[in-house]
Amino acid sequence: MAQFKSETQRVDFIKQEEEILERWDREGTFERSVERRTGCEQFVFVEGPPTANGLPHPGHVLTRVVKDLILRYKTMRGFYVRRKAGWDTHGLPVEIEVEKELGISTKGEIETYGIEEFNRKCKDSVFKYEKEWVNATKRVGFWLEMGDPYITFDKNYIESVWWSLKEVWKKGLLYKSHKVVPFCPRCETTLSSHEVAQGYQDVEDPSVYVKFKLKDEEELYLLAWTTTPWTLLGNIALAVHPRNTYVKVKAGANGENLILAEARLDALDDEYEILERFDGKSLENKEYEQLFEYAKVEGGEAHKVITAEFVTLDEGTGVVHIAPAFGEVDYEVCRDKNLGFSQPVNSKGHFTHEVPPLEGMFVKDADRQIIEILEQRGVLYKESKYLHSYPFCWRCGSPLLYYARESWFIAMKSLRDNLLANNEKINWYPSHLKHGRFGNFLEAIEDWALSRERFWGTPLNIWICSECGKDCCVGSIEELKRKAKNSVPDDLHRPYIDEVVLRCDVCGGDMIRVKDVIDCWYDSGSAPFAQWHYPFEVERFKRNFPADFITEAIDQTRGWFYSLLAVSTAIFDTAPYLNVLSLGHILDEKGVKMSKSKGNVVDMTTIFNNESADALRWYFFTVGPLSDDIRFSEQGIIEKQNKFLNTLWNSYFFFVTYAVIDEFNPKAKGIAVESRNAMDRWIISRLNTLTGEVIAAIECFEVHVAARKIEEFVINDLSNWYIRRSRRRFWVQEDNFDKDCAYLTLYEVLVSLCKLLAPFVPFLTEHIYQNLVRTEDEHESVHLCDYPYPDKSLIDADLEDSMELVSGLVEAGRRARSDAGIKIRQPLNDVAVVFSAEKHKKVASLSAMLKDELNVREVKLESTKAGFAAAGDYKEEEVDEDTTLFLNVGLDKELIEEGIVRDVVRRIQGMRKDIDLEYTAKINIMYEGDEAVKEAIDNFSDYICAETLAVDLKEGLPSHYSDNSIYYAKKWNINKNEVHLAIEAA
RNA sequence: GGGCCCGUAGCUUAGGCUGGUUGGAGCGCUCGGCUGAUAACCGAGAGGUCCGGAGUUCAAAUCUCCGCGGGCCCA
């Protein structure tokens, strides 16, 4: 009985993949692939947790596929590789989704709605698309432990995060400050820098030049410029550069005197006359009249000129309006110079009662009115429009305000050197990120604004005594219980945690929790330890830290890649990962980023249903370096399906087809490679060379290099050369040694190739493996196998070189035939190759192959052109600089007859195919035609019968032969001769 | 506005670090061939201002600088 199951040439890859998924589920293949390596060296991976409150994007699919490739590869290489799934669940994006659902939009509304119920909805919402995520993850073949994921809202996870923050606090790195932070007035919260970055848009803002009247001077004004007129209400100072030249000019219709930087004189519309020149320094401490008298100023002096290095002369007037409530540098410079502070705007971005004419107005909406007031007062010099980029809330779209808020910070700036030192321990792919984008970012690192005045997040674990002001950071649930005056809730989220009052260990007073939650980037940055509930459980963390490998897209450079390093540096002062692979983004066919708002996001389920997961994976792996952006093209995936997967399938199909016919059993034969023929030794050598190249490329994450090399091997070496060249060896009827060698070689190559490809295209390779290998004494899945390793003793570099030479000669020979107008089927007498003695030696052993490929009776290997160049029958074809090929294009009667016979055979083979005959079916042939053809058939009848499996070859036409036979007949024209051919199953 | 990356044929790309014959492939296109050889294969052909400009050099796709376009990050 045949050992292998027959296959069909056309397969439904989608159905096949679904069957494989069922098989993996049924047999627990994934779990077993991990367990099999228990006790082996670990390869530690950390899954960057996605949030499942939206559908997975093509980019997520790419990331998952790359993770899968590396982890499957490492597992096959003998490592113990855990892949715990994770979910990122906290944060403003989640709140925004719930707000939308509830039709509310402010913090006040949430409080009215009830924090308890609001947070419950948030908790539900983060798994809204869990099913789609799980399905996509499974369908694309990403083996991930999804049964017991880490979840950032989990009690244990929060406890670990609390522990870590207490570590930060104990080191004195956690501090409270007033800092100007980007603030969304609608969401009423500060935003992290990575959040701000997502929302820049080019907008047109008013550009206003305002005159500030100097005190004690007659009609002398400082001319300042701003694009945010509303901030003028918080003006505290005007800044000039100490060493730039400023001028006093007479300008304007009413001849007023203005002061501005000389380099900015072109800001003036009117003609002017320069009256004086002086350094900025000489303006220092000059007082000016307050522009708007409404807002109270607290904590220091105000309304005077200061000098500052940051003043530039690129735009404006060289006189910079300073409002510490609305600008980071403004805040800092005022603090440094002991100036006062004025905050006429509330947390919703509305002017307060301190500003009666504008009270209750949203600041951006007040610009118009402010400009009018300036105009009326005669202090508006001029006004126009200004196009610049301005940040908007990345979720709700409101313009952000820079706003001085109370906030908690981690002093990352003080850890700068540690961050840089730890970065040195990390291998970055691509390497330029290390000292480029990421390194530069670390060089200029700022403190981490950690707190969020929101609801759904890990509560900030800081309590402050309402009696004495002492603060306390709680590092565990046990500590919380110990210090609590009342009961501790099971759920650590707001609002329950807000109720917990601690006893102050200094004064015994009531300690109340700071109402903030923490930045969810801190949550995910804690994943390496929090997913294992460290330090409350120690062992698992110790085994899994630091990570050997993480990968996400390039946008995570300052996101998760940073938050991981930041948290780990603050707590352990070590790098949390050793290798990080940064992926490019997926763009649409036009090269534009895919985004929901543009409506150009490709739905991956259509790819899974139309092409296949393997085709998609192979496309991702071969299209280019992983770090490059990908212009996504469904056509590109279809091409991979047709070209690569089909070719692989057909190579396998070829083997199975004949192995079934011959009942070939690979176990029954053991033939040493060295005793096989050159073709066999060549493909085995190529395979081993390839294996080494693939491993080397994957090890440095050059996945596209590895995949492309495999693709070339499958298409060129295996299918188009080895199988094509060797196919006749499989067709021999009787058993013989050479046929065994061919079967064994092709079998070994296919099996090894399957393993080599298993991490790339896990479905098709599994299917092939199941048929070719799986028996009781073998592993039950290709994914339980060891990855192939090159056997150097099987690599024969000389042979590979020789084959390359031969293939060059074959190409040249075909060119010569093509030029001479002689088809390949026409046998020719000889070909002469003229080249060096060295090449001579290399090709000699393969000359039979050359003879066959070029369809000549003789191959002459020569060292001189003499005799061929001159002979009229020889067609000359240059191969390379020291090799020339001469093809004898002369034909005699016998060659012509042979050519005709070849044509006859080809026609008969075509007819067999037409009537769907089995490969092994015997036939009867009848023929009738012109004399030349009949004569040729007559002279080569044995050859024709052998080639076409004919048992009978008779002259005549079927109607005269037998009445009850069903012949298939066709008329042909061969070399201008007419011939009738008829065949029937014998 | 600043930083990093990318820009090679209609499309996908190799080469670039380390400058050196006519810049290679694949898809698509045209022509021819082959086909029990597979939605495949073989041969030939058309198709390139190597994004533009300047510089270094005997020599630049490659190195340098300045632009332009795209992406990401930061303001």
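Predicted model: local features only at pLDDT ≥ 70, side-chain atom pairs only at ≥ 80, totals over all residues.

Author: With neighbours within four places in sequence set aside, Lys-640 is in contact with Ala-615, Trp-618, Tyr-619, Thr-622, Leu-645 and Glu-711. Lys-640 belongs to helix α22, which covers residues 634–662. Its relative accessibility is 18%, so Lys-640 counts as buried; the cut-off for that class is under 20%. Two of the residues in contact with Lys-640 also meet its side chain through polar contacts. One is Thr-622, whose side chain is joined to that of Lys-640 by a polar contact of 3.4 Å. The other is Glu-711, where the polar contact between the two side chains is 3.3 Å.

Glu-663 is not a glycine, yet its phi is positive, at about 50 degrees. Because its relative accessibility is 47%, Glu-663 is classed as partly exposed. A positive phi also occurs at Asp-216, again not a glycine, with a value of about 60 degrees. Asp-216 sits in the loop between β5 (200–213) and β6 (220–226), and its relative accessibility of 81% is why it is classed as exposed.

The next topic is a pair of helices. Two packed helices are described by the angle between their axes and the distance between the axes. Helix α24 (residues 703–731) and helix α29 (residues 847–854) have axes that come within 12 Å and cross at roughly 90 degrees. Therefore α24 is roughly perpendicular to α29. On the α24 side, the contact is made by Trp-721, Arg-724 and Arg-725, and on the α29 side by Met-849, Asp-852 and Glu-853. Sorted by class, this contact has four charged residues, two nonpolar ones and no polar ones.

Helix α10 (residues 328–336) can be described by its buried residues. Asp-330, Tyr-331, Val-333 and Cys-334 are buried in this helix. An α-helix has 3.6 residues a turn, so residues three or four places apart point the same way. The buried residues of α10 pack against four strands: β3 (174–184), β11 (304–307), β12 (319–322) and β14 (401–410). Just after α10, Asn-338 has a positive phi of about 55 degrees.

Another buried aspartate lies in a loop. Asp-88 is placed between β1 (84–87) and α4 (92–102). Its relative accessibility is 12%, so Asp-88 counts as buried. Neighbours within four places in sequence aside, Asp-88 is in contact with Pro-49, Pro-50, Thr-51, Thr-152, Cys-520 and Ser-524.

In the bond from Tyr-534 to Pro-535, omega is near 0 degrees. Pro-535 lies in the loop between α17 (527–530) and α18 (539–543). The bond joining Phe-545 and Pro-546 is cis as well, with omega about -5 degrees. Pro-546 is in the loop between α18 and β23 (550–553).

As for cysteines, the structure holds zero disulfides. The cut-off is a pair of cysteine sulfur atoms within 2.5 Å. The cysteine sulfur closest to that of Cys-473 is in Cys-472, 7.1 Å away, which means it is too far for a bond. Cys-473 has 0% relative accessibility and therefore counts as buried. For Cys-785, the closest cysteine sulfur is in Cys-754 at 8.9 Å, so this pair is also too far apart for a bond. Cys-785 has 4% relative accessibility and so counts as buried.

The account ends with a serine. Ser-941 is found in helix α32, which covers residues 941–948. At 25% relative accessibility, Ser-941 is classed as partly exposed. Ser-941 and Val-901 are 40 residues apart along the chain, and 8.8 Å separates their C-alpha atoms.

How values were computed
Residues numbered from 1 in each chain as written. Chains lettered and ligands numbered in written order. Heavy atoms only, no water. Axes fitted to C-alpha atoms, helices over the stretch in contact; angles between N-to-C directions. Helix = DSSP H or I, 4+ residues; strand = E, 2+ residues; numbered from the N terminus. Parallel < 35°, antiparallel > 145°, perpendicular 65-115°, else oblique. Contact = heavy atoms within 4.5 Å. Nonpolar A, V, L, I, M, F, W, Y, C, P; charged D, E, K, R; others polar. Buried < 20%, exposed > 50% of the residue type's maximum accessible area, 1.4 Å probe, protein only. Polar contact = N/O pair within 3.5 Å; in protein donor to acceptor, adjacent residues only side chain to side chain.
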